[in-house]
Amino acid sequence: MPSSVKAVVASVALLAWAPHALADTAAPETVAFLGLTFLNTSLEPVSPAEETRLSLASDRLAEGLAASGRYALVETAPVVAAAERYQNLAHCNGCDTRLARELGADMAVTGEIQKTSNLILHISIYMRDAESGQLVNGGSVDIRSNTDESWLRGIDYILKNRILRE
């Protein structure tokens, strides 16, 4: 093979590889994770186990985002008092992105877990651009069974198959 053809082949191979190399070295986007909201639309009162599950699910989501290397979580303590004024940060007419901007974050992450019954639950995660308010990532899943395992599997599914998919 002539050297000019080898150079072209090498250049094409380098161009095909370069975006992947650059993506791996890019700085992670900063994220203000403002927590998950529990929406209980069942006829049963919220149990202590569900309050614990909400905390476990929130921790799992935050850990998954941070461990991915794509996202760097910012400290949200400065806006906790302001965030507590809203019942559901996932649907507050832009309060989530406003709080994220106050923190200097690129994105606001919120979500909700809705319990219809002990058998039927739904998890939604929303990732919005802090400047525009546009939904840029996220996902949702229906889960069956109101257990620690089912809630965490739901969070893991959204992380793996929606938020962090290649």
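This note covers a helix pair, a strand hairpin and a disulfide in a predicted model.

1. Basis. The model is predicted: local features need pLDDT of at least 70, side-chain atom pairs count only at pLDDT 80 or more, and totals for chains, interfaces and linings use all residues. Residues are numbered from 1 along each chain as its sequence is written, and side-chain values use heavy atoms, without hydrogens and water.

2. Helix pair. Helices and strands are DSSP runs numbered from the N terminus (helices H or I, at least four residues; strands E, at least two). Helix α2 (residues 48–67) packs against helix α5 (residues 148–163) at about 25 degrees, with the axes 9 Å apart. Axes are lines fitted to C-alpha atoms, for helices over the stretch in contact, and angles run from 0 to 180 degrees between N-to-C directions. The angle makes α2 roughly parallel to α5 (angles under 35 degrees count as such).

3. Helix contact. Contact means heavy atoms within 4.5 Å. Among the residues involved are Arg53, Leu61 and Gly64 of α2 and Trp151, Ile155 and Asp156 of α5. The contact residues divide into ten nonpolar, one polar and five charged (Asp, Glu, Lys and Arg count as charged; Ala, Val, Leu, Ile, Met, Phe, Trp, Tyr, Cys and Pro as nonpolar; the others, Gly among them, as polar).

4. Strands β4 (residues 120–129) and β5 (residues 135–144) run antiparallel, joined by nine bridges; pairing requires at least two DSSP bridges. Ile120 lies opposite Arg144 of β5. Five residues separate the strands of this hairpin, and Gly133 in the turn has a positive phi of about 80 degrees.

5. Disulfide. The structure has one disulfide (cysteine sulfur atoms within 2.5 Å). Cys92 and Cys95 form it, with sulfur atoms 1.8 Å apart. The S-S torsion of Cys92 and Cys95 is about -95 degrees, so the disulfide is left-handed.

Notes:
Parallel < 35°, antiparallel > 145°, perpendicular 65-115°, else oblique.
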